[in-house]
Amino acid sequence: VADYDRDGRIWLPDITPFVMHLFESIGYFVIEVSAGSTMDEDFIADGTVDYFENVGFNEFGFRYYEYTIAAPPEVPTYWVRVVPYDIDGDRGEPCEAIEMGGEI
């Protein structure tokens, strides 16, 4: 997860390694954000990314997604994490939260 130009758009490069235990049943990902002081607190859902739709592939054939934060916290930096859900709606383990820099 990265916000290279600090415009609230994040690049989700091949996030399947985070969810290998769900590989056969991934349905969607929930993008969560937090204005907390650490990467472990106060996350709220910002939106979803469908595993089967809006997917791109880079020149090496790796899957990627792009997502724009709908409601960025009004703080200079905030945290973003991706949480996988399977096709039955069961929550998987979130990826490690990434600190986002810059005011949006």
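How many bridges join strand β2 (residues 26-34) to β6? The number is 8, and the two strands run antiparallel.

## Model and confidence

This is a predicted model, in which local features need pLDDT of at least 70, side-chain atom pairs count only at pLDDT 80 or more, and totals for chains, interfaces and linings use all residues. Residues are numbered from 1 along each chain as its sequence is written, and side-chain values use heavy atoms, with hydrogens and water left out.

The pLDDT (the predictor's confidence in each residue, from 0 to 100) averages 77 over the protein, and 79% of the residues score at least 70. Among the elements, the lowest mean pLDDT, 76, belongs to β1, and the highest, 93, to strand β3 (residues 44-50).

## Overall make-up

The protein has 7 strands and 0 helices. Helices (H or I, at least four residues) and strands (E, at least two) are DSSP runs, numbered from the N terminus. Along the sequence the pattern reads β-β-β-β-β-β-β.

Of the 104 residues, 41% count as buried, where buried means under 20% relative accessible area, exposed over 50%, and partly exposed in between (1.4 Å probe, protein chains only). The accessible surface comes to about 6200 Å², and carbon and sulfur atoms account for 50% of this surface; areas come from the Shrake-Rupley method with a 1.4 Å probe, and for residues only the protein chains shown count as cover. Taking contacts (heavy atoms within 4.5 Å) between residues at least 6 apart in sequence, 55% join residues at least 24 apart.

## The four-stranded sheet

An open sheet of 4 strands has the order β3-β2-β6-β7 with antiparallel pairing. Its edge strands, β3 and β7, each pair on one side only. The twist averages 30° from one strand to the next, with axes taken as lines fitted to C-alpha atoms (for helices over the stretch in contact) and angles running from 0 to 180 degrees between N-to-C directions. Two strands pair if DSSP finds at least two bridges between them.

Strand β2 is joined to β3 by 6 bridges, again antiparallel, and here V30 stands opposite T48 of β3. β6 in turn pairs with strand β7 (residues 98-100) in the antiparallel sense over 3 bridges; Y78 has M100 of β7 as its bridge partner.

## Burial and the nonpolar core

Strand β2 is largely enclosed by the rest of the structure, because 8 of its 9 residues are buried. In β6 (residues 78-86), 9 of the 9 residues are buried. Y78, V80, V82, P84 and D86 point one way from β6, while W79, R81, V83 and Y85 point the other way.

A nonpolar core is a set of buried Ala, Val, Leu, Ile, Met, Phe, Trp, Tyr and Cys residues joined through side-chain atoms within 4.5 Å. The largest one has 16 residues, and I10, L12, I31, I69 and V80 have the most contacts inside it. Two or more residues of this core come from each of β1 (9-13), β2, β5 (63-68) and β6. β2 gives the most, with 4 residues. In soluble globular proteins, nonpolar side chains tend to be buried together.
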